Amino acid sequence: MSKPILAIDIGSTNVSAVVAEIDGDDIQIVGYGVAKSHGVKKGIITNIELAAKSIKKALTDARRIAGSNISVATVSISNAYARSLNSTGVVNVPQKDISTKEINRLMETALYNANIPNEYEVIHVLPYNFRVDDQNFIEDPYGMNASRLEVDANIIITQKSSLSNLKKTVRLAGVEIDGIVLNSYASSISVLQEDEKELGVALIDLGGQTSSLIVHIGNSIRYNSFLPVGSNNITNDLSMALHTPLQIAENVKIRHGNLLNESNEVIELPIIGDEESRNSISLEMVHNVVLARVEETLSILANTIEKSALEDQIGAGVVLTGGMSKLKGIRELAQAIFRNGPIRIGYPNIVAGMTEELKDPQFATVIGLLQYSNGKHAQYELNSEKKMLHTKDDINETKLNDIKLNNSSKEESYKKDDSKGDFSEKRNKDNLDFEDDFTLDDLPRPEHEGGNLVSKLKNWAKQLF
C-alpha cells in the first residue's frame with residue numbers, strides 16, 4: 001500500500017513543496033508547488049511570518065494537485081546555518097560480531113566525544129572511516145568479526161536559535177517536521193552517481209543568493225562550506241551597471257547571459273526611476289558583467305576546495321547544480337578555473353511523475369529530500385533526532401524471554417489449541433503423550449537414598465526376579 005510523503009525546500013529565491021507516494025523503493029510524485037520566497041535572505045530566515053506564508057502558498061498548490069492534506073514533511077536547512085567538525089569514536093565488541101547495535105553505539109560515542117558548543121545542535125552524524133581492530137579504511141564493518149571498532153565522523157551542527165526559528169516557521173505554515181536535512185546533502189542524493197562518490201567529488205549548489213559546497217568521498221560527506229553569493233548577485237550587478245530595474249535585469253540575465261560568446265548587439269532597456277525613457281545597452285557589457293561575477297564566485301569556491309585539504313582526493317571532479325548552473329558556458333568557465341578533473345552539470349534523478357519543470361537543477365534539493373525520506377540516505381547516519389538510520393536488514397536476534405523448555409512450549413501450544421476444543425486430538429495426532437515425556441522418576445536420585453534399607457531391599461528384589 002502506498003504511503004504519502006512531503007518534502008519542502010526553503011530557498012532564498014523560491015520555496016518548493018513536493019508531495020509523493022512511496023511503495024517500497026518506488027517514488028511517484030503526485031503534486032508540487034513553487035512560491036516566491038519572502039522573509040529569507042542568503043539562506044537565513046529574516047521574517048518568520050513572511051517565510052511561513054511562502055511555505056503555505058507552495059504547500060497549498062502541492063496539496064491541491066495531489067488531492068492530499070499531508071502535513072508532515074522532511075525539510076531542508078541551508079548551509080548558511082551549518083558548520084561541521086570531526087570526531088572519533090571507539091567501542092569494544094563483546095559478542096565479536098558487529099551488528100547495527102555496535103555501529104549505533106560507536107556513532108553515539110563519536111558524538112559524545114565531539115566538542116560541540118552549548119549553543120549548537122546536531123543535524124547529522126556521518127561516519128566516513130571505519131577501523132576494525134588493526135585494519136584501516138573499512139567501508140562497511142557490518143557482519144565482521146572483531147574485538148574493537150573505531151570510526152571517524154563528520155558532525156554537522158547548527159545554532160539552536162537558527163534551528164528553532166526554522167521549526168517555528170514551518171509549524172506556523174501548518175506543517176510538522178519529520179526530518180531536517182542539510183540542503184547540499186539532499187542535493188547530493190539526487191544528483192551524484194555512485195562512481196563519483198567512490199572516486200571523490202565536489203558538489204556545488206549554485207542558488208539564488210547562496211552557493212553551497214560539499215566534498216563527498218567514499219561513503220560519506222567529508223566537508224561542507226557556504227558562500228553568501230548566488231545568481232541574484234548577477235542580477236544586482238546588471239541592474240546597477242545598466243541602470244535598469246531589477247526585474248528587467250533579471251530578464252536580461254536569463255535571455256542574454258552568456259559566458260562564452262560576446263555580441264555587439266544593442267538592446268533598449270528602461271532606465272530605473274524613469275521607465276518611460278530608454279537606454280541603449282551593448283550585449284558586450286552584459287557579457288562582461290555576468291562573466292566577472294561568475295568568475296569571482298567560482299574562484300572563491302575553488303579556493304575553498306583547496307583549503308579543505310581534500311583536493312587530492314577528488315578524482316571525479318566537480319558537479320554544478322542549482323539554478324545558476326543553467327547559465328550558458330558556465331561548465332566551460334568552471335573547467336578553466338577548477339583543477340579537480342571533469343566538470344558536469346547535475347540534474348536531479350528521474351522520479352516517476354516528474355514534470356519537465358521539476359527536472360531542472362534548481363529542484364535538485366527537493367527531489368533529494370523525497371529520496372532521503374524513502375531511505376536513500378548514507379548507509380549509516382545519526383539524524384537530527386539522534387536516531388540511527390541505516391540500510392541494513394538485521395536478522396531478528398533471539399530474546400531470552402522467547403526461549404522455553406520443550407515441554408513448556410508444547411503445553412503452551414496445546415493450551416492455544418484447547419481454546420478451539422481440540423487439545424486432546426492434537427496431542428494424540430502428534431504422538432506427544434505426556435507419558436512419553438520425562439518424569440521426576442527419570443531424574444537421577446540423590447546418593448543418600450542408597451543408604452535407605454527399604455530402597456536397598458526393593459532394588460535387590462527387582463534384580464532377583
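Reader: How many cavities of 30 Å³ or more does the count come to?
Author: This is a predicted model, in which local features need pLDDT of at least 70 and side-chain atom pairs count only at pLDDT 80 or more, while totals for chains, interfaces and linings use all residues. Residues are numbered from 1 along each chain as its sequence is written, and side-chain values use heavy atoms, with hydrogens and water left out. On a 1 Å grid over the protein atoms alone, a cavity is a set of points where a 1.4 Å probe fits but cannot get out, whereas a pocket is an open set with protein on both sides within 12 Å along at least five of seven lines, and lining residues have an atom within 4 Å of a point. By this rule, the number of cavities of 30 Å³ or more is one.

Reader: Which strand gives the most to the lining of the second largest pocket?
Author: The second largest pocket, with a volume of about 680 Å³, is lined by 28 residues, and His216, Ile217, Gly218, Asn219 and Ser220 lie nearest its centre. Helices (H or I, at least four residues) and strands (E, at least two) are DSSP runs, numbered from the N terminus. Among the elements that each supply at least two residues of this lining are helix H4 (183-191), strand E13 (211-217) and strand E14 (220-227). The most, four residues, comes from E8.

Reader: How are helix H6 and helix H7 placed, at what angle and in which kind of crossing?
Author: Axes are lines fitted to C-alpha atoms, for helices over the stretch in contact, and angles run from 0 to 180 degrees between N-to-C directions. Helix H6 (residues 231-242) and helix H7 (residues 246-256) pack with their axes 8 Å apart, at an angle of about 115°. H6 is therefore roughly perpendicular to H7, since angles under 35 degrees count as roughly parallel, over 145 as roughly antiparallel, 65 to 115 as roughly perpendicular and the rest as oblique. A crossing is left-handed if the near helix is turned anticlockwise from the far one by less than a right angle, and right-handed if clockwise, and that of H6 past H7 is right-handed.

Reader: How many nonpolar residues are in the contact of H6 with H8?
Author: H6 and helix H8 (residues 283-307) pack at an angle of about 140°, with their axes 10 Å apart. Contact means heavy atoms within 4.5 Å. On the side of H6 the contact includes Asn233, Ile234 and Asp237, and on the side of H8 it includes Met285, Val286 and Arg293. By class, this contact of H6 with H8 has two charged residues, one polar and, as the number asked for, nine nonpolar.

Methods. Points joined across faces, edges and corners; volume = space filled by probe spheres on them. Nonpolar A, V, L, I, M, F, W, Y, C, P; charged D, E, K, R; others polar.
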